[in-house]
Amino acid sequence: MKQHITGLIQAALDTLVQNGSLPADINPTIMIENTRDKSHGDLASNVAMTLAKPARRNPREIATLITQALPQSDVLTKTEIAGPGFINFFITSASATKIVEDIFAQAENFGRCTVENPEKVQVEFVSANPTGPLHVGHGRGAAYGATVADILSATGSDVSREYYVNDAGRQMDILAVSVWLRYLEECGENLTFPANGYKGQYVSDIALQVKQKYALKMQFSSAQVFADLPLDEPEGGNKEQYIDALIARCNSLLADDFQNLFNVGLEAIRDDIRDDLSEFGIDYQEWFSERSLTSTGDVDKALIRLQDNGHLYEKEGNLWFKSTDFGDDKDRVVKRANGATTYFASDIAYHMNKFDRGFDKVVNIWGADHHGYITRVKAAISALGYDSERLVVKLVQFAILYRGTERVQMSTRSGSFVTLRELRKEVGTDACRFFYVTRKADNHMDFDLELAKSQSKDNPVYYIQYAHARICSVLDKLADSEWQLDIDAGLKVLGESSDDNEKSILNLLAKYPETLKNAATNYEPHLVANYLKELASEFHTYYNSNKMLVEESNARNSRLTLSAAVRQVLANGLSLLGVDAPNRM
RNA sequence: GCGCCCAUAGCUCAAUUGGAUAGAGCAACGCCCUUCUAAGGCGUAGGUUCCAGGUUCGAGCCCUGGUGGGCGCACCA
């Protein structure tokens with residue numbers, strides 16, 4: 001419809017330029033918008049206003065010229081010039097019902113689109129360190145990332161979902177030591193657990209697995225383990241130095257077995273995260289290992305490439321990346337004097353790897369606390385010779401949990417955090433997925449557990465699902481009756497309808513595809529969530545004021561036709577958000 | 001100190017990405033209702049869009065400077 005009107009305006013402008021009413025050097029970008037207020041017609045354009053300056057004429061005057069030059073069209077009932085120079089278009093209701101035909105014809109594909117040369121897009125999200133189960137903070141990144149990926153995919157991108165597994169580094173060593181100490185306890189050793197160790201119950205669970213697999217092979221006496229270690233924090237020492245000493249001890253005592261210990265912990269937690277996300281409706285195409293970057297030589301390759309491009313230098317034995325050349329506020333170390341590469345070096349290699357895999361665009365979804373990292377990664381990408389615009393970083397702010405008005409305390413200390421799993425169990429996957437994406441990602445959000453669980457109109461998930469179930473129920477009843485749904489008759493009646501409620505539902509249905517498009521180009525799934533709320537709300541109003549299964553066939557057919565279309569769009573939208581569309585509730 | 005993000009009704013949030021009279025839901029108030037699915041429906045009230053400038057036909061949205069809040073400023077991951 002918009003395209004059609006754009007065409008009409010373009011034709012009008014061409015004639016005006018030809019007959020000299022408008023100068024030829026104007027280059028109009030014709031924008032057609034949905035009107036907010038129906039007294040302004042169905043669609044509106046602001047071309048006249050944007051042309052006012054280049055054409056040096058009053059916008060209302062230009063608007064008049066355009067409407068006069070507009071070719072005939074059978075979808076328009078009339079045009080109007082309003083306000084400062086808007087051209088308002090009134091569409092015949094008969095053409096408005098065409099959208100309903102499209103919905104039935106395309107069914108679950110309605111709103112989706114395919115493009116000829118789909119852009120290859122990678123969406124990397126969650127990527128939490130595998131040192132413990134996901135907590136509620138990760139949940140938002142998970143829901144947001146998955147939905148963005150699905151929406152991109154629905155609008156024609158070739159999407160790959162990826163989880164970057166930080167399976168290297170000190171935090172993982174600390175996990176391994178933590179598991180080992182719990183294992184030693186399990187073997188009967190008496191010991192004091194380090195202040196900086198991982199204290200969650202899951203660590204003990206993994207320790208049991210280690211014991212099952214390796215029996216007493218990794219056992220050493222407390223005396224051996226703790227001999228000549230510095231003091232831990234509670235005794236007046238430094239907990240960082242203490243844990244590092246413990247890691248070194250663990251390494252030297254276990255020798256080759258250290259890697260086995262490490263792997264049991266890593267795999268247990270990674271599998272747990274994978275299951276957790278899968279139960280949350282999120283499955284990845286790729287679990288990318290950080291360690292693999294070293295073993296495949298990608299880290300070295302990346303550094304050589306930076307070196308060749310002249311972006312590395314040595315200072316005090318360290319190898320530095322000159323990121324200040326690309327707007328960073330300080331240069332960054334990529335290789336320490338002891339020869340060990342930094343985490344950032346891995347990340348440079350990782351991004352090089354992403355682009356080398358042929359992705360046209362890479363979307364990283366990060367927690368808001370990582371925002372300081374964006375500049376340096378983009379710097380690295382430019383330095384490697386790629387266009388850093390191809391990397392899109394979306395930050396997700398934290399969600400604060402409430403139980404009614406009371407704030408739920410979240411603490412990662414002493415292992416007493418609220419896990420994503422617990423949250424899902426309490427409020428259900430559907431409510432979680434939906435609530436997490438109803439807000440813009442870069443806004444802080446309040447997540448009310450009570451609301452998410454409630455079965456009332458106040459709860460948007462419930463309200464939308466309820467609308468879907470209601471329609472299913474009515475259509476089931478219809479199937480049991482002597483009546484048949486006559487869609488053609490229904491469309492005809494709808495086309496002649498002057499009911500405001502019906503018109504605004506038709507209007508909303510027509511807006512679904514562009515809502516998706518909009519959500520995709522801006523990475524804003526909340527637009528879809530809000531859209532569904534609006535559609536459900538408009539439908540409930542309709543349902544409450546019109547009985548569906550009535551004797552009078554015109555009313556019956558038109559109402560059921562419209563309802564069936566609403567059901568399809570609700571189902572399509574919910575499925576994109578990873579939320580179930582139940583037939584009954 | 002520097003950088004990033006945020007600020008809209010009493011509360012939680014929208015606003016078609018610069019469009020016309022800034023909208024929903026809670027809460028408040030006033031009516032109605034007991035149903036094809038019931039956990040409700042209709043309506044009223046509520047605003048200097050944090051402040052001060054600027055850009056233009058037009059600003060909640062863009063620019064500059066403030067105020068307040070969150071986060072970040074490692075050779076850690």
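Which residues in helix 2 meet which residues in helix 3? I went through the model with that in mind; here are my notes.

1. Housekeeping. This is a predicted model, so keep in mind that local features need pLDDT of at least 70, side-chain atom pairs count only at pLDDT 80 or more, and totals for chains, interfaces and linings use all residues. Residues are numbered from 1 along each chain as its sequence is written, while chains are lettered from A and ligands numbered from 1 in the order in which they are written.

2. Helix 2 against helix 3. Val-47, Ala-48, Met-49, Leu-51, Ala-52 and Ala-55 of helix 2 meet Pro-59, Ile-62, Ala-63 and Ile-66 of helix 3 (contact: C-beta atoms, placed from the backbone, within 7 Å). By class that is 10 nonpolar, no polar and no charged residues (Ala, Val, Leu, Ile, Met, Phe, Trp, Tyr, Cys and Pro count as nonpolar, Asp, Glu, Lys and Arg as charged, the others, Gly among them, as polar). Helices here are DSSP runs of H or I with at least four residues, strands are E runs of at least two, and both are numbered from the N terminus.

3. Geometry of that pair. Helix 2 (47–55) and helix 3 (59–69) have axes 8 Å apart, at an angle of about 115° (axes are lines fitted to C-alpha atoms, for helices over the stretch in contact, and angles run from 0 to 180 degrees between N-to-C directions). That makes helix 2 roughly perpendicular to helix 3 (under 35 degrees is roughly parallel, over 145 roughly antiparallel, 65 to 115 roughly perpendicular, the rest oblique).

4. Helix 6 and helix 21. The axes of helix 6 (136–154) and helix 21 (500–522) come within 9 Å and cross at roughly 120°, which makes helix 6 oblique to helix 21. Ile-151, Leu-152 and Ala-154 on helix 6 and Leu-516, Ala-519 and Ala-520 on helix 21 make the contact. Its residues are 6 nonpolar, with no polar and no charged.

5. Strand 13 (399–403) pairs with strand 15 in the parallel sense over 4 bridges; Ile-400 has Asp-446 in strand 15 as its bridge partner.

6. RNA strand B. Of the 68 residues around RNA strand B, Ala-44, Gly-169, Tyr-343, Gly-372 and Ser-473 come nearest (near: C-beta atom, placed from the backbone, within 6 Å). The surface near RNA strand B divides into 20 nonpolar, 28 polar and 20 charged residues. Helix 22 (526–545) supplies the largest share, 7 residues.

Technical notes. Pairing = 2+ DSSP bridges. Contact = placed C-beta atoms within 7 Å.
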